[in-house]
Amino acid sequence: MKKLKARLDAFSDAVIAIILTIMVLDLTPVLRDNLNDYLLLSKEIGVYIISFAFVANMWYQHATLFNEIDDMSYRIMLVDFLFLIPLSLTPLATNMMAENTTNITVMAYGLLVGITGACFRLLARSIIHFQYTDTSKMRQVYRKIFGQHNLIYVLLNGILIILAYFFPQIVLWFYLPYPLIYMLLSSRDRQQMYDVAQLTTDQRQQYLRLPRDRMKQFSRLVDASKPQTSV
């Protein structure tokens, strides 16, 4: 299914590119010099930037995730379609939030962000299960590395949705750093996942036994696994 995987990559990229294009086309142009119209346009551009950052981060996470495999299964294809469904609704949620920023529209946007993130985590789990066998312990490594941060994403978005009921205008701008935090933590976790994959089976067992507060020290295991060159 290598050819199908390449076509799925191209299809996903095309869908995400169309999503970004639709969002920018939804911006209302200013047809006459009016301060209120320019203020409204500025607000729409701000909301567009928030959604652009979210979709762009999803593309980055999707691209790096699929870059780790050369083949795929039908399950991965179906879950990828499932992930693209809520992501493709981003232009609608963005337009609603820009045109009518109320507690309902901001909460709906937050709910869409949460559903999209959940579908992506399901996709990541499917790829990990396809890429690694049970004996490699990498599935357990994935849960250990990503589990805590995934919980942080869920709790953070849940808090924003609740606050949006009372302060929609303020919470709107808190969604801007959300994808940036997501990208930073996910990139770090993915690098850690790659480093652990280079360890031997015994070293992975040692890593899995490490408490969470000592996970950052696992780099010593990576260094110990590298062949020593004699002087």
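User: In what order do the elements of the protein run from the N terminus on?

Analyst: They run α-α-α-α-α-α-α-α-α-α. This is a predicted model, where local features need pLDDT of at least 70, side-chain atom pairs count only at pLDDT 80 or more, and totals for chains, interfaces and linings use all residues. Residues are numbered from 1 along each chain as its sequence is written, and side-chain values use heavy atoms, with hydrogens and water left out.

User: What makes a stretch a helix or a strand here?

Analyst: Both are DSSP runs, numbered from the N terminus: helices are H or I with at least four residues, strands are E with at least two. The protein has 10 helices and 0 strands.

User: Why is Ser-126 called buried?

Analyst: Buried means under 20% relative accessible area, exposed over 50%, and partly exposed in between (1.4 Å probe, protein chains only). Ser-126 has 6%, so Ser-126 is buried. Ser-126 sits in helix 5, residues 103–131. Beyond its neighbours within four places in sequence, Ser-126 is in contact (heavy atoms within 4.5 Å) with Arg-75, Ile-76 and Val-79.

User: Why are helix 2 and helix 5 called roughly parallel?

Analyst: Two packed helices are described by the angle between their axes and the distance between the axes. Axes are lines fitted to C-alpha atoms, for helices over the stretch in contact, and angles run from 0 to 180 degrees between N-to-C directions. Under 35 degrees counts as roughly parallel, over 145 as roughly antiparallel, 65 to 115 as roughly perpendicular, and the rest as oblique. Helix 2 (residues 35–66) and helix 5 pack at about 5 degrees, with axes 11 Å apart. Therefore helix 2 and helix 5 are roughly parallel. The contact includes Phe-54 and Met-58 of helix 2 and Phe-120 and Leu-123 of helix 5.

User: What makes the pair Lys-5 and Asp-9 a salt bridge?

Analyst: A salt bridge needs a side-chain nitrogen of Lys or Arg within 4 Å of a carboxyl oxygen of Asp or Glu. For Lys-5 and Asp-9 the N to O distance is 3.1 Å. The two are 4 residues apart in helix 1 (residues 2–25), so about one helical turn separates them. Lys-5 is buried, at 9% relative accessible area.

User: How do you know that Asp-37 is partly exposed?

Analyst: Asp-37 has a relative accessible area of 27%, which falls between 20% and 50%. Asp-37 meets Arg-32 in a salt bridge, 3.7 Å from N to O. At 60%, Arg-32 counts as exposed. The structure holds 2 salt bridges.
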